[in-house]
Amino acid sequence: MRKYFLILPAILFLIIFFVLPLTFVITQSIYQPDKGWSVDSYSKFFTQKVSRNAYTRSLTIGLLVTAVSLLTGYPAAMAISNIKNDSLKGLLMTLIVFPLMTNSVARTFSWLAVLGREGLVNNLLAALGILDNPVRLLYTPGAVFFGLLQLFLPLMIISLVSALENLPKEVPLAAKSLGANGYNLFFRIYLPLTSEGIVSGCTLVFTGCITAYVTPAVLGGSRVLMLSTLLYQKASVTLDWNMATVIAVIMFLTTLLINYISRKLSNLGVSK
């Protein structure tokens with residue numbers, strides 16, 4: 001009974017600051033004072049080209065950032081977890097976490113100096129004779145992609161390092177002694193036994209990409225409208241609160257769906 005009492009503050013916190021506001025938002029999205037209960041706002045969201053494009057773009061960039069984070073983060077996490085020198089491992093983990101300790105606004109604005117018309121990339125390409133005139137790199141989907149990748153890749157690496165650190169060292173050694181080659185070792189040992197870390201990392205990265213506002217707003221501007229920037233426009237510019245709540249609920253449900261798919265895929269790998 002005492003252990004349940006200890007988690008009571010956390011449960012109350014979640015109910016007051018998460019469940020109740022979420023219930024209010026969902027209710028607002030399907031209830032209109034003049035029409036009563038209705039899902040017309042959801043139909044309106046998917047029939048409007050601007051909303052549909054923002055949703056497709058957010059989903060595409062979020063999935064791409066998650067996939068690239070996993071593909072680049074897994075080898076890095078394996079290398080870090082295999083380091084025997086604790087000091088070196090601690091230094092590398094500090095360097096990985098360091099971007100998370102800097103202000104996201106300052107970190108995003110630093111990309112302006114890199115991707116601007118007079119920025120580092122354009123000046124380098126011009127110096128190498130590849131470009132005669134500067135090209136527009138800012139306010140493109142590519143700029144948003146790289147900004148989000150830089151922002152959330154550390155979360156993927158931290159999740160994977162934690163999963164690999166919890167993997168018993170005897171398991172890969174036993175598999176090797178039984179004749180498992182590198183392919184079998186990775187796909188039948190490492191990948192299934194670190195599936196929880198993969199799911200956690202993918203969920204954190206994708207959720208961050210879908211809900212991030214500063215990076216899409218600064219690097220994408222009005223040219224690359226995403227769900228978060230569209231939600232801000234509806235809530236603060238046009239004062240369309242009903243559509244703003246619809247966008248918030250769609251973002252929430254999309255994140256839950258991606259998490260569900262990730263868990264199903266990880267369970268599939270474990271069962272094999």
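Helix 13 is followed by L239, a residue whose phi is positive, near 55 degrees. In this predicted model, helix 13 spans residues 227-237, and its buried residues are L227, S228, T229, L230, K234 and A235.

Elsewhere in the chain, helix 4, which covers residues 49-81, packs with helix 8, which covers residues 141-165, at an angle of about 40 degrees and with their axes 7 Å apart. Because of that angle, helix 4 is oblique to helix 8, given that angles under 35 degrees would count as roughly parallel and those of 65 to 115 as roughly perpendicular. The crossing in which helix 4 passes helix 8 is right-handed. Sorted by class, the contact of helix 4 with helix 8 has 21 nonpolar residues, together with five polar residues and one charged residue.

The cysteines are the remaining topic. A disulfide is a covalent bond between the sulfur atoms of two cysteines. With a disulfide taken as a pair of cysteine sulfur atoms within 2.5 Å, the count for this model comes to zero disulfides. C202 is in no disulfide, the nearest cysteine sulfur being that of C209, 11 Å away, and C209 is likewise in no disulfide, with the sulfur of C202 as its nearest at 11 Å.

| Cysteine | Relative accessible area | State |
|---|---|---|
| C202 | 10% | C202 is buried |
| C209 | 1% | C209 is buried |

Terms used. Residues numbered from 1 in each chain as written. Predicted model: local features only at pLDDT ≥ 70, side-chain atom pairs only at ≥ 80, totals over all residues. Heavy atoms only, no water. Axes fitted to C-alpha atoms, helices over the stretch in contact; angles between N-to-C directions. Helix = DSSP H or I, 4+ residues; strand = E, 2+ residues; numbered from the N terminus. Parallel < 35°, antiparallel > 145°, perpendicular 65-115°, else oblique. Left-handed = near helix turned anticlockwise from the far one by under 90°. Nonpolar A, V, L, I, M, F, W, Y, C, P; charged D, E, K, R; others polar. Buried < 20%, exposed > 50% of the residue type's maximum accessible area, 1.4 Å probe, protein only.
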